[in-house]
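Hello,

Here is the structure I promised to pass on to you. Please have a look at it first, and then read my notes below.

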Amino acid sequence: MADYDLIIIGTGSGNSLVTEDFADKKVAVIERGIFGGTCLNVGCIPTKMFVYAAEVATTIRDAARFGVDATLDGVRWPDIRDRVFGRIDPISDSGRDYRVSGPHTTAYLGQATFVGEREVEVEITRPGGAHAVGEKHRITGDQVVIATGSRATIPEVIESSGVPYETSDTVMRLPDLPRSMAIIGGGVIGAEFAHVFSALGVQVTQVQRGDRLLHRLDAEVGTLFTQQAQQQWDLRLNTQVVGASRSGTGVRLELSEGSPLEVDVLLIATGRAPNSDGMGLEVAGVQVRPDGRVQVDEHGRTTADGVWALGDVSAPVQLKHLANHEARVVAHNLVHPDDLRSFAHTNVPAAVFSHPQVAMVGLTEEAAREAGHDITVKLQRYGDTAYGWAMEDTTGVVKLIGDASTGLILGAHFMGPHASTLIQTVIHAMSFGQTAEDVARDQFWIHPALAEVVENALLGL
């Protein structure tokens, strides 16, 4: 007989698996890091709280063009930081304490390693639980869920140099706001932190090896975003870091193009890798894909009987809302083996909370053409709507890609204020198979709300 009915490794979205269905069962929760996972502690939530402060600073600097004279008198970094983590840290701590002392769960704060079929050895590495640091416990479970998330990847040229650096896990807790910062990487994390720190007064230089930022975006929208970024911070495109060393103020970077760069703080934002290594998955019979993701089927089952996986460790894209969806599916499947639900990995939206904000769902124009669709495309500018005039917006766009034969929307790419909110109408339409004409014509759109930019884009499509 197993020690536990369920073992959960990871406390991000995995923590939500302890539903009412397990109220009379024994559950073990294992966490080697900060309780609550990436999104709560070092990802979505704290970063967006910093982004909001950056937006306030940007609004003040931009006020004059609306006839409002305002000055940014200063930025109190410790107050900004402590406002964020003064709210988040207690949530993480209370979640840990509840799993440690709450009913029906036993928390193990340490590293989990598979030593057999649904058998895990946990080495306790963190204080705060019922077990002493250094202890090792072997436990078995009827079912095991791997929800260990992902971690920041570090380029070899940086790691081998021995220079100090920050990642998204650490940079938000800096003791002071630096004078200058280099950001290596042109993806979502790099774009968001470049906005945050430049808006708060830091001299930011972003180094990107490609010819534009956010390379997974539709090429046209990605190019427009890159042009906007170039006007806000120092952006080095088609450039790689070829060497790094310590300097008097912080770090000196040798670049493939241009002169060396000296900065106070170096932020690495070159992507994240699944936390699937070092767990003995091969011992448990759990197979891993070439990119490091745990292999799962459409129901969340791994290649080992009774072992499941969800979230960043196995999902095709690293997004919290996708991980939450997968957790809901797996939570159902754990207790309903004869009525399995499936993951929905189509039309998964994403957003970048930089300046301007970006949101996307579905296919890019390039992907739609490559797939053989007979497409029609509409690029609608914010500034061509009444509320866009009010905002004096000259850069915001909505780009829709449609199938000319069916009228269905294949992809949507928004760039501008409130992009992550405005796109929700299109996400809804794509999810429920509504045509562009149906969405545009069969409902009222409030005039002169900003949502009219979506209506006009749909009509144009």
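What follows is a short tour of a sheet and of some aromatic rings.

Please keep in mind that this is a predicted model.

Let me start with the sheet. It is open and built from four parallel strands, in the order β10-β9-β8-β14. At its edges are β10 (234-236) and β14 (265-268), each of which pairs on one side only. From one strand to the next, the twist averages 20°. Helix α5 (residues 188-199) packs on this sheet and touches β8 (180-184), β9 and β14. The direction of α5 makes about 165° with that of β9. If you zoom in on β9 (residues 203-207), you will find three bridges joining it to β10.

Now to the rings. The whole structure has five aromatic pairs. In one of them, Phe50 and Phe85 are tilted, with 6.2 Å centre to centre and 55° between the planes. Phe50 belongs to helix α2 (residues 44-61) and Phe85 to helix α3 (residues 77-101), so their pair ties together parts that are 35 residues apart in sequence. Both Phe50 and Phe85 are buried. They also belong to a cluster, linked by ring pairs, that includes Trp77, Phe193 and Phe197.

Finally, which charged end sits over the ring of Phe85? That of Arg173, 3.8 Å from the ring centre. Elsewhere, the charged end of Lys26 sits over the ring of Tyr4, 5.2 Å from its centre.

Terms used
Residues numbered from 1 in each chain as written. Predicted model: local features only at pLDDT ≥ 70, side-chain atom pairs only at ≥ 80, totals over all residues. Heavy atoms only, no water. Pairing = 2+ DSSP bridges. Helix = DSSP H or I, 4+ residues; strand = E, 2+ residues; numbered from the N terminus. Axes fitted to C-alpha atoms, helices over the stretch in contact; angles between N-to-C directions. Contact = heavy atoms within 4.5 Å. Phe/Tyr/Trp six-rings, centres within 6.5 Å; stacked < 30°, edge-to-face > 60°. Buried < 20%, exposed > 50% of the residue type's maximum accessible area, 1.4 Å probe, protein only. Lys NZ or Arg CZ within 6 Å of the ring centre and 35° of its normal.
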